[in-house]
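Subject: Handing over a structure

Hello,

Here is the structure I promised to pass on to you. Please have a look at it first, and then read on for my notes.

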Amino acid sequence: MIVAERSESSTHKQSRNGSGKSSLIEIIHFCLGAKAVKKKGLMVDALQDHTFSIDIDLGGKRFTISRKTKEPSYVVIDGDWSDWVIKPIVDKKTKEPRISIPQWCLVLNWLMFGLSPEISEQKHSPSFRSLISYFVRRGRDAFSNPFTHFPKQTEWQKQVDHTFLIGLCWEHAQKWHDLKERMESLAQYKKAANSGLISGFSGSVGELEVTKVQLEEQVIREQEQLSNFRIHEQYRDIEVRVNSLHERIRHFQNQNVSSRKMLEYYESVYQEEQPAGENAIAKMYEEAGILLPESVTRKIHEVQEFHQKVTINRKNFLKSEIERLRNEVRQVEAEIIKFRQEYASLMSILQTHGALDEYSKLQQHNMLVVTKLEEIKTRIDNLKKFEQGTISLRIEQDRLALDAHADYQERSSVRQKAVSLFNSNSEAIHEAPGSLIMNVDKNGFRFHVEIDKSQSQGVNQMGIFCYDLTLAQIWASKEHSPSMLIHDSTIFDGVDERQIAQALQLAARESQKLNFQYICCLNSDSIPSQEFGDNFDIQPYKVLELSDSGEDGGLFGIRF
């Protein structure tokens, strides 16, 4: 027991919280491979160039382990490490056997918990730094729940740690989390794909298959067009000439329509044009009963002759115009035939050839369709893999649940031992025994502690005490064991004096009986001297007293 004393000269402003009780636990963790964080723990400026050491029994041998705050990446080993699975390297300059912190943790996992480096390096396997934190709880947050040693501890780590520590099949907890992680990855991948972040898949397999067939047919059609495509260097010039011919043919056709209508008109007029008959006017007057004098009759005859001359002249004009129009129509038709022949020839070229830019556009479009087709194929493959993967994982999950349940039942003696020890420990401290509850369901292993009046902080702390002691009792008989349990004074915050006394006496009995070391830190006024049994003397267990007096009263001999 490490005790923080209050000196007579200390003032009400001084506190034993800075005497070094928690720092002692920091030193133990530091030498056991804890992560060195600048400006925190022992890595503060005041402790630079300091070396911290612990004496520790490992595998039946005693070692001194030293670690420097200035060079925290390794520890120095003093002792016989010849049979270690990972051996230190002797520094050429200092002749010190050194081992890096990651390798040191692998060695400790083997020496204290019997886990080989091969197992320790597996994903989601029990790690030394996590396991040892239930035997040496570090910081106030480590005393909030029996099954966690820091806030927001992952569920998989809790399940793996406690199945291993209690003696259940931790590999099932490991596989459970592996399956859960794979299912979450699939779910996240599909969610990202559906939101457009990944072009992996979207829609059902059936819908995508329809799109795939349509794109395949389009690719075939376009590739046939490309294979039959012939490029003509003057394609664009020919295209301009064809458009010009088309306009000229249309112009001549319109011109011919007008000429033909005029020709038809002239021909009809020509047929109807006839000179008046001789004596036709005199006869008209005669029929009217009018007698004309001879001089008038002679004048009418002259009019008739004039009219005949006019008629002949008109017919001659119409005949010449008809002939002209006929010639014009024939010439235009000849031009149209010539232009149509050229137009047909050029159109044949345009129909069987194409321009280079058209070929490039067709080729680019085909490449886009091919790319889209490949994307659809990838989507279909990914979706099939997702569906198959989900089904396979569910089958694996069901099979794992069956295996875990079967193994859980087979290890009933292991569970009963842990439950019995916890019940016995809690009964020794409380009026009514508490319960250590373990279950296995579709989500893995579940652990819970129930003690009457658990809403009280003190009772909750004692639940942690009983569980930690249960782990120490379980591991005391194993070949590889931490063989220790260390509690900071936080474990007794808010706890009734009678329960503190019972807890300390229980820890003393069990550690002596099972040969493991129990270390606790207490303030002197928290020691329930009046509550101990007649046969229990606390004084021999005090191995270190710290003071709040002066600069040199604390653990380090300095204040900072």
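Two strands are said to pair if DSSP finds at least two bridges between them. Strand E3 (residues 61–68) and strand E4 (residues 74–78) pair in this way, in the antiparallel sense, over three bridges. One thing to keep in mind throughout is that this is a predicted model.

Let me stay with these strands for a moment. E3 and E4 form a hairpin, with five residues between them. Across this pairing, Thr64 has Asp78 in E4 as its bridge partner. E3 also pairs with strand E2 (residues 51–58), again in the antiparallel sense, and here there are eight bridges. If you look for Ile54, you will find it opposite Ile65 in E3. E2 and E3 make a hairpin too, with two residues between them. In that turn sits Gly59, which has a positive phi of about 60 degrees.

Next, please find helix H2, which covers residues 101–113. Does its length fit its number of residues, or what should we expect it to span? At 1.5 Å a residue, its 13 residues should span 18 Å, and the C-alpha atoms at its ends are 17 Å apart, so the two agree. H2 is mostly covered, with eleven of the 13 residues buried. Among them are Ile101, Trp104, Leu108, Trp110, Met112 and Phe113.

As a general point, nonpolar side chains tend to be buried together in soluble globular proteins.

Which residues is Met112 in contact with, leaving aside its neighbours within four places in sequence? The list is Leu32, Ile56, Leu58, Phe128, Ile132, Trp475, His480, Ser481, Pro482 and Met484.

Finally, a few words on charged side chains. The structure holds 27 salt bridges, and these are some you can look up:

- Asp91 and Arg98 form a salt bridge, with 3.5 Å between the closest N and O atoms.
- Glu328 and Arg324 form a salt bridge at 3.2 Å, N to O.
- Arg411 and Asp407 form a salt bridge, with 2.8 Å between the closest N and O atoms.
- Lys61, Asp80 and Asp83 are linked in a network of salt bridges.

Glu328 and Arg324 both belong to helix H10 (residues 294–352), and because they are four residues apart there, about one helical turn separates them. Glu328 has a relative accessibility of 23%, so it counts as partly exposed. Arg324 is partly exposed as well, with a relative accessible area of 38%.

In the pair of Arg411 and Asp407, are the residues buried or partly exposed? Arg411 counts as partly exposed, because its relative accessibility is 26%. Asp407 has a relative accessibility of 15%, so it counts as buried; the cut-off for buried is under 20%.

Happy exploring, and best wishes

Terms used. Residues numbered from 1 in each chain as written. Predicted model: local features only at pLDDT ≥ 70, side-chain atom pairs only at ≥ 80, totals over all residues. Heavy atoms only, no water. Expected span 1.5 Å × (residues − 1). Buried < 20%, exposed > 50% of the residue type's maximum accessible area, 1.4 Å probe, protein only. Contact = heavy atoms within 4.5 Å. Salt bridge = Lys/Arg side-chain N within 4 Å of Asp/Glu carboxyl O.
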